[in-house]
Amino acid sequence: MYLINRVRDIVTVPVSPKYLRISAILIAIYKVLVAHVLLFVMLLGLAHAEEMSTILQMSIADQKDSEYIWTTSEQEEAINEWRFKSAEKLASVTLCMLYIGTTLATIYVLSCLGLLIGTLRNRHEFFIPWMVVDFFGTLVSASIMLAVAYNKSTYQFVSKWQYWAFCAVTTAFNIVIWLVIRMFYKNLVHMTKLREVAIVAIPCPATSLPPSTGAVSSKTANGQARPPYHYRRENMHLSDGGLKHILFDANEANYLV
């Protein structure tokens, strides 16, 4: 029993209140790197696909201008034309898919950057785009894995249990990461509400100074005495009831519960 509790404590250390922000920052950095790699692969594939389409168009133009067409039979000419049309259609579909993939990869990179900024600056509203994009991305990737699993040619390269184990581990890893970020998001929202609630009206003490003190440095330009530090306007919160003193002035990231 002790060993089980010890293992559970070790596993739950990354999601403990003390290390939750560090775990969220590491996850955000990991997601930013993965998103940039994915975008680089999409851009590289798009560049090669455009080059392939350009070469194909040049080959079609050269084929039409060459004398080979006039020396071949009508059947060979029809076959060549059908091959070029099929290749051109395949190239256009490939380009369209890569353009869509590049757009989605760019959106994912922006959402991951927003997640990183939100974790570093404790801004919970920056988490929402990544949470939405990653949620639907996990659903799409799981659907693709299921669709590939029903293809019999998949198991020619790997065994069935290896493929399903890979799919299960990948999906579980994405779900755990999403849940950790959601936990940190809920804590930030909770601490923001606590900071807004922890505001009470405090009457400002009298600011008049005894005439015998002669403290010129504590007076304002018009001769009136300056209020205490915690009652100055820059350290007050403007709410419905007027200026109120902010009680919570600590870094909320270090006191997440």
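A distance of 2.9 Å separates the side chain of S23 from the backbone oxygen of Y19, which the side chain reaches. S23 belongs to helix α2, which covers residues 20–65. With a relative accessibility of 12%, S23 falls under the 20% limit and therefore counts as buried. The coordinates come from a predicted model, and the values reported here are computed from it.

The protein chain contains six helices and three strands. In sequence order the elements follow the pattern α-α-α-α-α-α-β-β-β. The chain has 257 residues, and buried residues account for 25% of them. Of the contacts between residues at least 6 apart in sequence, 68% link residues that are at least 24 apart.

The largest pocket holds about 710 Å³ of space. Two or more lining residues are contributed by each of the elements α2, α4 (74–121) and α5 (127–149). The largest share comes from α5, with eight residues. In total, 19 residues line the largest pocket, and those nearest its centre are L38, Y108, G137, T138 and S141. By residue class, the lining of the largest pocket comprises 12 nonpolar, five polar and two charged residues.

Helix α4, one of the elements that contribute to this lining, also contains C112. The relative accessible area of C112 is 0%, so C112 is buried. Apart from neighbours within four places in sequence, the residues in contact with C112 are K31, V32, A35 and W130. Between C112 and F126, which are 14 residues apart along the chain, the distance from C-alpha to C-alpha is 9.5 Å.

A disulfide is a covalent bond that joins the sulfur atoms of two cysteines. The structure contains zero disulfides.

The loop between α4 and α5 includes N122. The phi angle of N122 is near 55 degrees, a positive value in a residue that is not glycine. N122 counts as buried because its relative accessibility is 11%, under the 20% limit.

Helix α6 spans residues 160–197 and includes L179. At a relative accessible area of 43%, L179 lies between the 20% and 50% limits and is therefore partly exposed. L179 and V15 are separated by 164 residues in sequence, while their C-alpha atoms are 9.9 Å apart in space.

Conventions: Residues numbered from 1 in each chain as written. Predicted model: local features only at pLDDT ≥ 70, side-chain atom pairs only at ≥ 80, totals over all residues. Heavy atoms only, no water. Helix = DSSP H or I, 4+ residues; strand = E, 2+ residues; numbered from the N terminus. Buried < 20%, exposed > 50% of the residue type's maximum accessible area, 1.4 Å probe, protein only. Polar contact = N/O pair within 3.5 Å; in protein donor to acceptor, adjacent residues only side chain to side chain. 1 Å grid on protein atoms, 1.4 Å probe; cavity = no way out; pocket = protein on both sides within 12 Å on 5 of 7 lines; lining within 4 Å. Points joined across faces, edges and corners; volume = space filled by probe spheres on them. Nonpolar A, V, L, I, M, F, W, Y, C, P; charged D, E, K, R; others polar. Disulfide = S-S within 2.5 Å. Contact = heavy atoms within 4.5 Å.
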